[in-house]
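Visitor: I'm new to this one. Can we go through it in short questions?
Guide: Go ahead.

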Amino acid sequence: MTPRKMSLKQKYGAYTRGLDWKPTYQREDDVFPFAKYEGIKIHDWDAWEDPFKLTMDAYWKFQAEKERKLYAVIDSMAQNNGQLGITDARYLNAVKLFIQGVTPLEYQAHRHFAHLARHLPGAGLRVAAQMQSIDELRHCQTQIHTISHYNKYFDGIHDFTHMHDRLWYLSVPKSFFDDATSAGPFEFLTSISFAFEYVLTNLLFVPFMSGAAYNGDMATVTFGFSAQSDESRHMTLGLEAVRFLLEQDEANVPIVQGWIDKWFWRGYRLLSLVGMMMDYMLPKKVMSWGEAWETYYEQAGGALFADLARYGIREPKYADVAKAEKGHMTHQAWGIFYNYTHAAAMHTWDIDEAHMAWLREKYPDTFAQHYEPRYRKWREQAEEGKRFYNNGLPQLCQVCQIPMAFTEVGDPNTISFRVSEHGGDRFHTCSDGCKDIFDHEPEKYAQAWLPVHQIFQGACGGATLPEVLDWYHINQGADNMDYAGSPEEEQWNRWMEGRRPVVPVAAE
Amino acid sequence: MIKPVSISIQNTQDGFAIVEAILADNPEATSNPLPAMTKVDCPGRLVIRADSVSERLGREWDPQEIHLSVISLSGSVDEDDGSLIIFWR
Amino acid sequence: MATASLHPGYTGPVRDRVENFNGAQLVYVHWEEHLNFCSAITLPLPPQTPFAALTGEILPSLYAVDPEWAEVDLSKARWMLDGADWTPDPARSLADQGVGHKSLIRFWTGPSATA
């Protein structure tokens, strides 16, 4: 008699819950010491059901197939001088920001999902966390592998893990993730799986990968989509995990709401780097930050929070602020990087006329009035040989660690300054969102390693900028400063000679 | 209000067949092409039928192969041997 | 609200206590309505720094890269310290007139100084 083939759902049950057992000679609370201290109450772990019925055997099969596809592209890229196919060398700065800022987070995610795969009491969730842990390691590795091709030709990529731990703008993504991994397992799930992966990750990966495709960066598109195919599973895990917490006990609702509020705002602030990349670093543009926000947050998020309303969950606090700021945020972020390009491992540049016209069209209510005049003034200074660099070090937000450049809602000429007192000290934050987060857990955020303050404590290699840049491992004169006059610009123009007429960048 | 669900699929040979099958099986679905990907939106609920995709590919297509082509989705997921459904509860 | 923690009473080092700055204290300064300088600027200053040194040496070293700075008359500027209107005395030190660790000094120049 031939054995009966199990249905997908039976097989999934056998490979997840079927592998679980109850501890007998140790107490459950000792086996899972992190399960209760956050105040989350779970009555029935068996009520958890993973939406995708992916079992380990199928997982290996599909992941292997994804790898084969990806490595075919990486080989092709190396064999065919793929670096020549991108639209412009300035595009590569988006890739630099990605490998410096995002790739190390993939590794942190790998580590922490491994922790969840050990410490969550439910077998279904543990298996999902285990797969995600392996996914995240794969993402980290494939990103490094793919981008290593560009490292042969472009600056700023060579020491990204070292830079991630030290550079002022990379403390933004680093501290974001440190915040999540130093929280309990349920806050981590809500922060990374739900608020970041489900609600906001589309804003990171989809426009970035689509932008890479549009700018001839075949390698990034391929690792991006290869990773993003896992991301759909992660997002769904986030949504189902939050739904599970909400269904298990009414007392979980206010705790989860607090986390949603916090992590929506944390994620939104982090995405200002992505939004800047979309609006400023892609020579050929797919969609503006404002449009992406409407599609992926206002529409998709609107449906999501309408669905969660049955549990008593409302839209994240300050979602209205994010909506109101959407015509300003990316311009203010670009301004930060333009101010401090001399201390960054990437380039910024003059915004040319075609780019300004695009920004006016995409941001009709804000760009021409508030940002265009600033860029024109900077251009004048650059043309006089006095390219504007900020000689001081910026004030940083105690929570998001971004230079405090964001303005009051409805008043784009006035910086939004917030301050809290804790233990006799002042702590400055950039917004009501970040101030609420500080005030809720001041003993956590008072510990922040703020790069500017560390420099002034003498902890960053010395008292002068060149000493600090050496400590960052920035190759001065190549990794940093304006694109105009950079070795990369010179190289790109040389490559393009004979391919198309060479036009000065600013006049293009 | 009927809440929209959506799925974004890579522009690959398999991906094109999946999008075609969705559009054929879900009359209210609309597709929006972007560089390298296609986003399909549908009010309320969207089904991907394995037989419908298989027919277009000319080979047996396992719904779990969706993991090779999907980029993103919005909605809850239910998966069984013959189909994958995206829906709001 | 205390941080939820495995061990009650959780706390950690406050990394930016004034003792960590080798005798200086941090002061933030911001030239209002000049957002070509993207944010306020952080300065490590001895508490005994006279206000006149701030206006005479330090601020020009930061802001003179803007051509408009040449027109600025700081004696007519409007000042705010930690959220309150402030009339600084050039001869006295920062500490003497209420500037503490991580104080924020905002100032307005030109027509908006009198607004």
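Visitor: Which ring does the charged end of Arg269(A) sit over?
Guide: The ring of Phe406(A), with the charged end 4.0 Å from the ring centre. Keep in mind that this is a predicted model.

Visitor: And what about the charged end of Lys284(A)?
Guide: That one sits over the ring of Tyr214(A), 4.6 Å from the centre.

Visitor: Switching to helices. At what angle do α9 and α11 of chain A pack?
Guide: About 25°, and their axes are 9 Å apart. Helix α9 covers residues 185-214 and α11 covers residues 252-281. An angle under 35 degrees counts as roughly parallel, so α9(A) is roughly parallel to α11(A).

Visitor: Is the crossing left-handed or right-handed?
Guide: α9(A) passes α11(A) in a right-handed crossing. The contact has 20 nonpolar, 3 polar and 2 charged residues.

Visitor: Back to rings. How many aromatic pairs are there over all chains?
Guide: The count is 49. One of them is Tyr169(A) with Phe337(A), edge-to-face, at 5.2 Å centre to centre and 70° between the planes.

Visitor: Where do those two, Tyr169(A) and Phe337(A), lie?
Guide: Tyr169(A) is in the loop between α7 and α8 of chain A, and Phe337(A) is in helix α14, so the pair ties together parts 168 residues apart in sequence.

Visitor: Are Tyr169(A) and Phe337(A) buried or exposed?
Guide: Both are buried.

Visitor: Now chain C. Why is the pair of Phe37(C) and Tyr63(C) edge-to-face?
Guide: Because their planes are at 85°, and over 60 degrees counts as edge-to-face. The ring centres are 4.8 Å apart.

Notes:
Residues are numbered from 1 along each chain as its sequence is written. Chains are lettered from A and ligands numbered from 1 in the order in which they are written. This is a predicted model: local features need pLDDT of at least 70, side-chain atom pairs count only at pLDDT 80 or more; totals for chains, interfaces and linings use all residues. Side-chain values use heavy atoms; hydrogens and water are left out. Axes are lines fitted to C-alpha atoms, for helices over the stretch in contact, and angles run from 0 to 180 degrees between N-to-C directions. Helices (H or I, at least four residues) and strands (E, at least two) are DSSP runs, numbered from the N terminus. Angles under 35 degrees count as roughly parallel, over 145 as roughly antiparallel, 65 to 115 as roughly perpendicular and the rest as oblique. A crossing is left-handed if the near helix is turned anticlockwise from the far one by less than a right angle, and right-handed if clockwise. Ala, Val, Leu, Ile, Met, Phe, Trp, Tyr, Cys and Pro count as nonpolar, Asp, Glu, Lys and Arg as charged, and the others, Gly among them, as polar. Rings of Phe, Tyr and Trp (its six-membered ring) pair if their centres lie within 6.5 Å; planes under 30 degrees apart count as stacked, over 60 as edge-to-face and the rest as tilted. Buried means under 20% relative accessible area, exposed over 50%, partly exposed in between (1.4 Å probe, protein chains only). A charge sits over a ring if NZ of Lys or CZ of Arg is within 6 Å of the ring centre and within 35 degrees of the ring normal.
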